[in-house]
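Let's take a walk through this one together, from the overall fold down to single side chains. Have the viewer open as you read.

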Amino acid sequence: PMTSPSSLAVDVAIVGAGVAGASAATLLARAGIDTALVDPRPAHPDEFRAEKLVQAQMDIVDRIGLGPTIRSATTRADEMWVARFGRVVEKIASRE
């Protein structure tokens, strides 16, 4: 639950509610560790801010139960374009 107390005592405070912060907070809370997830925004922005998540990373978020939530905010890509100085220099087939 979101709270705005003037002070809060927890075992762990995680700053940043991106993929890494949210994943860490989820795992710690599930392990019974009193955890606070701190982010300056009251809600997640409309745009998902991670550049990409590869299959190995998605396997991890699936194991911790965040896969459906993350997939609902992302678009699967079957090709990655590598750009240097504003020019596409390579196109790589991928399942990410």
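Predicted model: local features only at pLDDT ≥ 70, side-chain atom pairs only at ≥ 80, totals over all residues.

Residues are numbered from 1 along each chain as its sequence is written, and side-chain values use heavy atoms, with hydrogens and water left out.

Start with the layout. Reading from the N terminus, the order is β-α-β-α-α-β-β. Of the contacts (heavy atoms within 4.5 Å) with a separation of 6 or more, 30% link residues 24 or more positions apart.

How much of the protein is buried? Of its 96 residues, 17% are, where buried means under 20% relative accessible area, exposed means over 50%, and partly exposed is what lies in between (1.4 Å probe, protein chains only). Now look for the largest nonpolar core, which is made up of six residues: L53, M58, V61, I64, L66 and I70. A nonpolar core here is a set of buried Ala, Val, Leu, Ile, Met, Phe, Trp, Tyr and Cys residues joined through side-chain atoms within 4.5 Å. Pick V61 and set aside its neighbours within four places in sequence: V61 then touches S23, L66, G67 and I70.

Next, find D39, in the loop between β2 (35–38) and α2 (55–63). What does D39 contact, leaving aside its neighbours within four places in sequence? The partners are G16 and A17. For a sense of place, D39 and G21 are 18 residues apart in sequence and 9.4 Å apart in space, C-alpha to C-alpha.

That brings us to charges. Side chains of opposite charge can pair when their charged atoms come close. Counting a salt bridge as a side-chain nitrogen of Lys or Arg within 4 Å of a carboxyl oxygen of Asp or Glu, the total is three. D39 turns up again here, bridged to R41 with the closest N and O atoms 3.3 Å apart. D39 is partly exposed at 21% relative accessible area, and R41 is partly exposed at 42%. R71 and D62 make another bridge, at 2.6 Å from N to O; R71 is partly exposed at 39%, as is D62 at 35%. Then there's D78 with R76, at 3.8 Å between the closest N and O atoms, where D78 has 44% relative accessible area and R76 has 49%.

One more stop: the charged end of K91 sits over the ring of W81, 4.2 Å from its centre. The rule for that asks for NZ of Lys or CZ of Arg within 6 Å of the ring centre and within 35 degrees of the ring normal.

Technical notes:
Helix = DSSP H or I, 4+ residues; strand = E, 2+ residues; numbered from the N terminus.
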